[in-house]
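Here are some friendly notes to read with the model open beside you. Take the points one at a time and find each residue as you go.

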Amino acid sequence: MRRFAAADLPGTLPIFPLGGALLLPRARLPLNLFEPRYLAMFDDALKTPERMIAMIQPVEGPQGTSRLHTIGCAGRITQFSETDDGRYIISLTGVSRFRLVEEVEGFTPYRRARLDWSSFARDLGAEEKDPGFDRPAFLDLLSRFFDSAQLSSDWDSLKEADEELLINSLSMLCPFEAEEKQALLEAPSLATRRETLVMLMEFALRAGGANPDETPLQ
């Protein structure tokens, strides 16, 4: 995938508010686009050099009101296909997180916003490492969490995956609440994200009546 420098990142991007959807740098998020406004967003994004879309979660307020979280993650369109019924199946590869500055008025059917990338320069670098990562203990907890949640996985692939890919993919795929996903997105480092992920899995096991402490994790 193309590497971006800070100077390459656009000041304004189309935004796709989607609750429960998490994109992280260098990870891939599949999306199924079918609403006319998002089909238009996709067509317009493809015409730009960056081919980027900004993913961000909405926050539901009282009496049906809604606002957007402050922090999201932008991704580059790296794969797409069109279905017979006019939908697009696309893959976004995460580039960098951003801070939402303000929405921009315009004539597009989709929303656009001005973004500030300055707090997330680390996202544009090489894969992040987690020096404190204990893979056997982590996978043991993950196995019990998956059993409790009745999820399945390719365990051979998990045992071999690089730590960033493993932690970020699980953060995106595990069935956590939207605010829990946001906490994983906003984690300042891979180690902090792993610690948050462990805490969420342990909490889910306690809530389900399982014992999360068979193998203690830090």
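Is Arg26 buried, partly exposed or exposed?

1. Arg26 has a relative accessibility of 23%, so Arg26 counts as partly exposed. The scale behind that word is simple: buried means under 20% relative accessible area, exposed means over 50%, and partly exposed lies in between, using a 1.4 Å probe and protein chains only. Arg26 is found in the loop between β1 (12-17) and β2 (28-33). Helices (H or I, at least four residues) and strands (E, at least two) are DSSP runs, numbered from the N terminus.

2. A word on the source before going further. This is a predicted model, in which local features need pLDDT of at least 70 and side-chain atom pairs count only at pLDDT 80 or more, while totals for chains, interfaces and linings use all residues. Residues are numbered from 1 along each chain as its sequence is written, and side-chain values use heavy atoms, with hydrogens and water left out.

3. Look at the backbone of Arg26 too: its phi is near 70°, a positive value in a residue other than glycine. Arg51 also has a positive phi, near 50°. You will find Arg51 in the loop between α1 (36-46) and β3 (52-56). With a relative accessible area of 26%, Arg51 is partly exposed.

4. Now turn to Arg97, in strand β7 (residues 88-104). Its relative accessibility is 6%, so Arg97 counts as buried. Which backbone oxygens does the side chain of Arg97 reach? One belongs to Leu185, 2.8 Å from a polar atom of the Arg97 side chain. Another is the backbone oxygen of Ala187, at 2.9 Å. Both are polar contacts (a pair of N or O atoms within 3.5 Å; within protein, one must be able to donate a hydrogen and the other to accept it, and residues adjacent in sequence count only if both atoms are side-chain atoms).

5. Asp123 lies in the loop between β8 (111-116) and α2, and is buried, with a relative accessible area of 5%. A polar atom of its side chain lies 2.8 Å from the backbone nitrogen of Arg97. Leaving aside neighbours within four places in sequence, Asp123 is in contact (heavy atoms within 4.5 Å) with Pro25, Arg26, Val95, Ser96 and Arg97. Here you meet Arg26 from the opening question again.

6. Next, the cysteines. How many disulfides does a search of the whole structure find? The search finds 0, a disulfide being a pair of cysteine sulfur atoms within 2.5 Å. For Cys73, the nearest cysteine sulfur is that of Cys174, 18 Å away. That is too far for a bond. Cys73 is buried, at 1% relative accessible area, and Cys174 is buried as well, at 2%.

7. The structure holds 8 aromatic pairs. Rings of Phe, Tyr and Trp (its six-membered ring) pair if their centres lie within 6.5 Å; planes under 30 degrees apart count as stacked, over 60 as edge-to-face and the rest as tilted. Together with Phe42, Phe80 and Tyr88 form one aromatic cluster.

8. In soluble globular proteins, nonpolar side chains tend to be buried together. A nonpolar core here is a set of buried Ala, Val, Leu, Ile, Met, Phe, Trp, Tyr and Cys residues joined through side-chain atoms within 4.5 Å. The largest such core has 47 residues, of which Leu33, Ile53, Met55 and Phe138 touch the most other members. Apart from it lies another core of 16 residues, among them Met52, Ile56, Ala74 and Val95.

9. Helix α6 (residues 190-207) has 18 residues and reaches 26 Å from its first C-alpha to its last, close to the expected 26 Å, which is 1.5 Å times one less than its number of residues. Its buried residues pack against β7, α2 (135-149), α4 (163-173) and α5 (178-186). In α4, 8 of the 11 residues are buried, so α4 is largely enclosed by the rest of the structure.
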